[in-house]
Amino acid sequence: MSAKEIVVKDRRTPLKTARGLGSSQSGVGHWWTQRVTAAALVLLVVWFVLTVLCLLHADYATAHATVARPWNALLLIAFVLTMFWHAVLGLQVVIEDYVVTRWRQVVLLVAIKFLAVLGALACVLAVLRIALTP
Amino acid sequence: MADTQRPLSPHLQVYKWQVQMLTSILHRVTGVALAVGSLVLIGGLLHLAAGEDSFNHFREIAGSPIGMLLLFGWSWALFYHLWNGVRHLLQDAGSGYAIPQFIRSSWLSIIGSIVLTVLVWAYVLMAGGAA
C-alpha cells in the first residue's frame, strides 16, 4: 500500500479516531448532557409546578413545612441543580452563536458559569436551611 | 458584526415566514427568559428561608399586578420550553422528521403551551390570585 492511499482514506491518527472527540475536542459531551438534563427536567418541572400550585395561598408555616419534607427538599435540590446546569449549557450555545468578538464571548461564558454556580448554591443553602430548621 | 470580511449567509429577513422558524426562535428566547426568571426561584427560596416576615413580603410582591404579570409570562415561557423541549427530544430520538409532521408538531408546541398556561391560570384565578 502506498503512502498516498493511506492519506486519502483517513487523515486522522488512529489515536484521534479512538478518542472520538472531533475538531471541537469535546465530542458530543455538551449535546448529550443537554439532552439528559432536559429529560430529567421534564419530570422535575411537572413535580415543581404541581407543588407550587398546591402552595397557592399557603401561609409561611405550611410553605416551610412543605419544603422541609424530605422528598420535597431532595427533589427541589435536584431540580435547582439540573435547571442551572441545563441553563448554562443553553446560554453557552446562544452566546457562542451571537457574540462574535472573542474576548466578549469568553467573558460572558465565564460570567454565566459564575452566576449559575452562585444561584445554585444560594438555592441549595436556602433549601437546607429550611429543611434543617425545626 | 463579525470582525472579518467573509461573505455572510442570508439572515432571517430573506426567508418566507414559517411556523418552524417561530418555534425554533421561541425555544431560544424562552430558554434565555427562563434563565433570567430563575431569579424568582432564588428569591422565593431565600425569602422562605429568611423567616415569616420576609416570606410575606415575597408573597406581597408575587401577588401584586406586576408580580402576577411576570409570573404569567414566566409560566408560559416554562410551558412552551417544556412542550417544545419534549418535541426536540422526540426528534433527537429520530421521529417526526417528515415536513408535515414537523409543521404539525410545531403548532402542537405553541397551542399546547397556551392551553396549559390558560388551564393553570384559570385554576390560580379561581383560587383567588397568585399569593
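**Figure 1. The left-handed crossing of α3(A) and α5(A).** Helices α3 and α5 of chain A cross in a left-handed sense, a crossing being left-handed if the near helix is turned anticlockwise from the far one by less than a right angle, and right-handed if clockwise. The model is a predicted one, in which local features need pLDDT of at least 70 and side-chain atom pairs count only at pLDDT 80 or more, whereas totals for chains, interfaces and linings use all residues. Residues are numbered from 1 along each chain as its sequence is written, while chains are lettered from A and ligands numbered from 1 in the order in which they are written. Helices (H or I, at least four residues) and strands (E, at least two) are DSSP runs, numbered from the N terminus. Helix α3 of chain A covers residues 29-54 and helix α5 of chain A residues 70-98, and the two pack at an angle of about 140° with their axes 8 Å apart; axes here are lines fitted to C-alpha atoms, for helices over the stretch in contact, and angles run from 0 to 180 degrees between N-to-C directions. The pair α3(A) and α5(A) is therefore oblique, given that angles under 35 degrees count as roughly parallel, over 145 as roughly antiparallel, 65 to 115 as roughly perpendicular and the rest as oblique.

Figure 2. From α3(A), the residues H30(A), T33(A), Q34(A), T37(A), A38(A), A40(A), L41(A), L44(A), W47(A), F48(A) and T51(A) meet N72(A), L75(A), A78(A), F79(A), T82(A), M83(A), W85(A), H86(A), L89(A) and G90(A) of α5(A), where two residues are in contact if their C-beta atoms, placed from the backbone, lie within 7 Å. By class, the residues of this contact of α3(A) with α5(A) are 12 nonpolar, nine polar and no charged (Ala, Val, Leu, Ile, Met, Phe, Trp, Tyr, Cys and Pro count as nonpolar, Asp, Glu, Lys and Arg as charged, and the others, Gly among them, as polar). W47(A), which lies in helix α3 of chain A, counts as partly exposed, with 15 C-beta neighbours inside 10 Å; a residue is buried if 20 or more other C-beta atoms lie within 10 Å of its own, exposed if 12 or fewer, and partly exposed in between, with C-beta atoms placed from the backbone. The C-alpha atoms of W47(A) and N72(A) are separated by 9.4 Å, and these residues are 25 apart along the chain.

**Figure 3. H57(A) in the loop between α3 and α4 of chain A.** Although H57(A) is not a glycine, its phi is positive, at about 65°. With 13 other C-beta atoms within 10 Å, H57(A) is partly exposed.

**Figure 4. Helix α6 of chain A and its buried residues.** The 31 residues of α6(A), residues 102-132, should span 45 Å at 1.5 Å a residue, and the end C-alpha atoms of the helix are 45 Å apart, which agrees; the expected span is 1.5 Å times one less than the number of residues. A116(A), A120(A), C123(A), A126(A), V127(A) and I130(A) of α6(A) are buried, and the buried residues of this helix pack against α4 (60-68) and α5 of chain A together with α1 (19-50) of chain B.

Figure 5. In total, 26 residues of chain A are in contact with 27 residues of chain B. On the side of chain A that touches chain B, the largest share, seven residues, comes from α6(A), and by class this side has 19 nonpolar, five polar and two charged residues. Helices α6(A) and α1(B) pack at an angle of about 30°, with their axes 9 Å apart, which makes α6(A) roughly parallel to α1(B); their crossing is left-handed. G119(A), A122(A), C123(A), A126(A), V127(A), R129(A) and I130(A) of α6(A) make this contact with S38(B), L41(B), I42(B), L45(B), L46(B), L48(B) and A49(B) of α1(B).

**Figure 6. Helices α1, α3 and α4 of chain B.** α1(B) and α3(B) pack at an angle of about 130°, with their axes 9 Å apart, which makes α1(B) oblique to α3(B). In α4(B), S105(B), S106(B), S109(B), S113(B) and V124(B) are buried, and the buried residues of this helix pack against α1 and α3 (65-92) of chain B. G128(B), which follows α4(B), has a positive phi, near 95°.
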